[in-house]
Amino acid sequence: MRTLLTAIVLTAVFSFLYAQPDLSYYLPDGVTYSPAIPTPKSVIGHEVGDWHVSHDRLVNYMYAVANASDRISIQETGRTYETRPLLLMVITSPKNQARLEEIRKQHVQLSDPNQSAGLDTQTMPNVIYMGFSIHGNEPSGSNAALAVAYHLAAAQGPEIEKLLDEVVILFDPSFNPDGLHRFSSWVNSKRGMQISPDPYDLEHNEPWPSGRSNHYWFDLNRDWLVAQLPESQARATSFHAWKPTILTDHHEMGTNATFFFQPGVPSRNHPLTPEKNLHLTRKIGEFHARALDKIGSLYYTQEGFDDFYYGKGSTFPDVQGAIGILFEQSSSRGHAQESIHGVLTFPFTIRNQFTTALSTLQAAQAMREELLNYQREFFRNNMAEAAKDPVKAYVFGSQDKYRSHHLAEIIARHDIDVFSLSSSQTINGKRYERDGSYVVPMNQKQYRLIKSIFEKRTRFQDSLFYDISSWTLPLAFALDFDEVKVASANLQGDKFDVSKKPMGKIIGGRSDYAYVFETYGYYAPRALYRLLSRGIRVKVANNEFHHSDGKKFAPGSILIPLGIQEKSADLIEYIIKEIATDDGIDVYAFNTGLDYVGSSLGSNSFSTLREPKIALLVGGGVTSLEAGEIWHLLDTRFHIPVSLVPVDVFNRINPDKYNTIILAGGSYNSLSDGTKEKLRTWVQKGGVIIGQRTALNWLNSAGFGKFDMKKTESKDESANPKPYNNIAFTAGAQSISGAIFEIQADLSHPLFYGYTSSKIPVFKSGAMFMERSKNAFGNPATFTNNPLISGYITRESLDKLKNASFTGSSSLGQGRVIGFTENLAFRAFWFGTNKMLMNAIFYGHTISAGASR
């Protein structure tokens, strides 16, 4: 009887612990709600937090509540890669809704020093941006958005009415629809009727690549500044259309944590962020502290996180007259999970996010004038700082017009004026051509943002970074750029127009003999694939050659000889026109193959190319971010199909249908011994393996090449004791979180065809330092003797990096194994190294065995 009673009691306790609270669990006490506004349950079919809301149900609710409330307007600002809608709701009083465009235009004038002086901030509503769950598997934010939207639409009484009169809320319920939907599908399909808090349960162990990322496995919270993805581009447009004074970014962190709100570590703020930003962030934080104290939640601030990289959602506003606020809630990663603080339930995580959303609104209302005045002061100070800065403008450009165009596109997206160069001229000893060069004046309201985009920085107050320590964008694009220290007005041509894409030309008209194009253009790989995928025979030059008019073509130039083709001349001419029009490449008609100065067109110095058939290994052990970057590059930019082959599937298949296999960073120890042998045979028959970063460790240990890394010797520091609480700081300071370095490349090597400068900036993170090959031809690119361009690195790591090898290849039979120590497609904005990966794909099989490491 006692046993039965105990079981009944335990069952009752268990049921109580995980019983789903109703909506009142989240809502503040003492507030009445209009019955005319639908509750979340009435639309999505369950209480908030009982199940993880799927994105389609989230969208349905937001439209339902907007249709029912005169406080809400709603618009679709874009679509994700999976075609899910990106929503932006504007929530404010009906009175403000009636003059919303007037409010927007007036508020934006605060960021314009030419118009802001006459504005009366005492009478202006505040404008804030609230965003949720940019990482899809951090879903308490988007699920809290259901309750927040309901509260703002349905709450009654003078308090909410006054709030909505004084604050305009830009409400983004899901920063990452694709990731949110992926994660919700996983946890909901693995949830039992009896919820399991066991961290080993399937529900809490989502499969690769997880729901954190978007469709192409990008971390969207690193894309705010460079905005290479549709979700970020939609957000940037909304941000600049309104210029909010606060932007909130609701995240989750480890299950055993509590709750974090900003500010982060003060010494790790970016120096371009005004000190007053930290003061206001702390002041807003006091509202969060009071709200969390009231419900008994643990929290912390000014630890662990920072505000350095302007590509994060909570830091992006800091350089633009606003206050970015990061919230990090301990994650249940499902419906309930055991933690050091007891069982952490999903509703509990939602309640903390809901509570701090409301405390943000309280701060926005109470600090309304202070925040509006700060924004006005920020942009005024920008103009004053620009006037004092000896740098009056930046100029950048390249022979490759598309790379220049895409950088101008990024800059212009952020409310910055960009101009074409007025005429071709020499600046600081460098030649800039009018076509393909741009000028960015510094005397603009976005002065600090412009400076952050172009500056090179090697000195820092702190040596720890939550993310990268440098992102100088002209270096990311491998462009020439210079400071201009004289008035720039005479340099400025037409204002940049993103719709005017670079166009190529067909020089010499139709040919009956051959066509040739150079490969310095960014979209040369796309042009090359257009030809190969349609069965056109194509060759690459390994020596210089000349046109009959004397023009010299460098190694890497592409030859399309017409006399050996099976396809019609009309089809080839059509493709050539596509290449000029769509890829922005000049194509030259040749009427003779004779060349007495260089190689004639029938020379054996031209290598025949093959259509790439690519497998990218994915799945457990592979770094999903890197794999996604490569997939995105091939798929969306160069329109080259790639098979995403899971590692466990690769163990079971015959790889002969592919001629190129790419290994992104990661561990490949799950590849069986049998797979290693069939892969070795495949390479010997002519296959090409391309590996980057930590994939080189597996290639080296498995005997696929000599990619030896420099060994790290432990130092005797017994004579230099350090405090125990400095362990984490000391370890973190030794890492390379992400900085920019210089390599010296051999432009005659196929991996560097199309580059016009032998010194190339590359992005490096991590601690891989590859030994140089003893073969004189085995080091096609090495880090220079003084490699640091911008960012943080310890002296010890810098010494190891000097003259280290960056890339190389090994030969196995007829095939090649090519390795790069760094990520060549970093976050989709490091355009400057993309060509190296594409060269490895198209030309890897042509590399001489004599260049093996």
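Arginine 333 is found in the loop between β7 (323–330) and β8 (336–339); helices (H or I, at least four residues) and strands (E, at least two) are DSSP runs, numbered from the N terminus. The model is predicted, so that local features need pLDDT of at least 70 and side-chain atom pairs count only at pLDDT 80 or more, while totals for chains, interfaces and linings use all residues. Residues are numbered from 1 along each chain as its sequence is written, and side-chain values use heavy atoms, with hydrogens and water left out.

The backbone of arginine 333 has a phi near 45 degrees, a positive value in a residue other than glycine. Most residues other than glycine have a negative phi, and most peptide bonds are trans. With a relative accessible area of 23%, arginine 333 is partly exposed; buried means under 20% relative accessible area, exposed over 50%, and partly exposed in between (1.4 Å probe, protein chains only). Aspartate 415 likewise is not a glycine and has a positive phi, of about 60 degrees.

Two cis peptide bonds may be considered next. One joins tryptophan 208 and proline 209, with omega about 5 degrees, and proline 209 has its place in the loop between α8 (177–189) and α9. Another joins glutamine 262 and proline 263, where omega is about 25 degrees; proline 263 belongs to the loop between β6 (259–261) and α10 (275–295).

Aspartate 415 also takes part in salt bridges, each defined as a side-chain nitrogen of Lys or Arg within 4 Å of a carboxyl oxygen of Asp or Glu. Its side chain meets that of lysine 243 in a salt bridge of 3.0 Å, N to O. This pair links distant parts of the chain, 172 residues apart: lysine 243 is in the loop between α9 (230–242) and β5, and aspartate 415 is in the loop between α13 (401–413) and β11 (419–421). Aspartate 415 forms a salt bridge with lysine 445 as well, the closest N and O atoms being 3.0 Å apart. Here too the pair links distant parts of the chain, 30 residues apart, with lysine 445 in the loop between β14 (437–441) and α14 (447–454). Lysine 243 counts as buried because its relative accessibility is 2%, and lysine 445 is buried with a relative accessible area of 19%. Aspartate 415, at 30% relative accessibility, counts as partly exposed.

A search of the whole structure finds 48 salt bridges. Among them is the one between glutamate 101 and arginine 104, whose closest N and O atoms are 2.7 Å apart. These two residues are separated by about one helical turn, because they lie 3 residues apart in helix α5 (residues 100–108). Glutamate 101 counts as partly exposed, at 40% relative accessibility. Elsewhere, a network of salt bridges links Glu138, Arg212, Asp219, Arg222, Asp467 and Arg827.

Attention now turns to covered elements. Strand β3 (residues 126–132) is mostly covered, with 7 of its 7 residues buried. In a regular strand the side chains alternate between the two faces of the sheet. From β3, Asn126, Ile128, Met130 and Phe132 point one way, while Val127, Tyr129 and Gly131 point the other way, and all are buried. Strands pair if DSSP finds at least two bridges between them. β3 pairs in the parallel sense with strand β4 (residues 167–172) over 6 bridges, and tyrosine 129 stands opposite leucine 170 in β4. β3 also pairs in the parallel sense with strand β5 (residues 246–253), over 5 bridges; there phenylalanine 132 stands opposite histidine 250. Helix α24 (residues 834–843) is mostly covered too, 10 of its 10 residues being buried.

Serine 488 lies in the loop between β15 (480–484) and β16 (492–495) and counts as buried, because its relative accessibility is 8%. Its side chain makes a polar contact with the side chain of glutamine 492 at 3.2 Å; a polar contact is a pair of N or O atoms within 3.5 Å, where within protein one must be able to donate a hydrogen and the other to accept it, and residues adjacent in sequence count only if both atoms are side-chain atoms. Leaving aside neighbours within four places in sequence, serine 488 is in contact (heavy atoms within 4.5 Å) with Lys392, Ala393 and Pro441. Tyrosine 596, by comparison, is in the loop between β23 (587–590) and β24 (606–608) and counts as exposed, at 76% relative accessibility.
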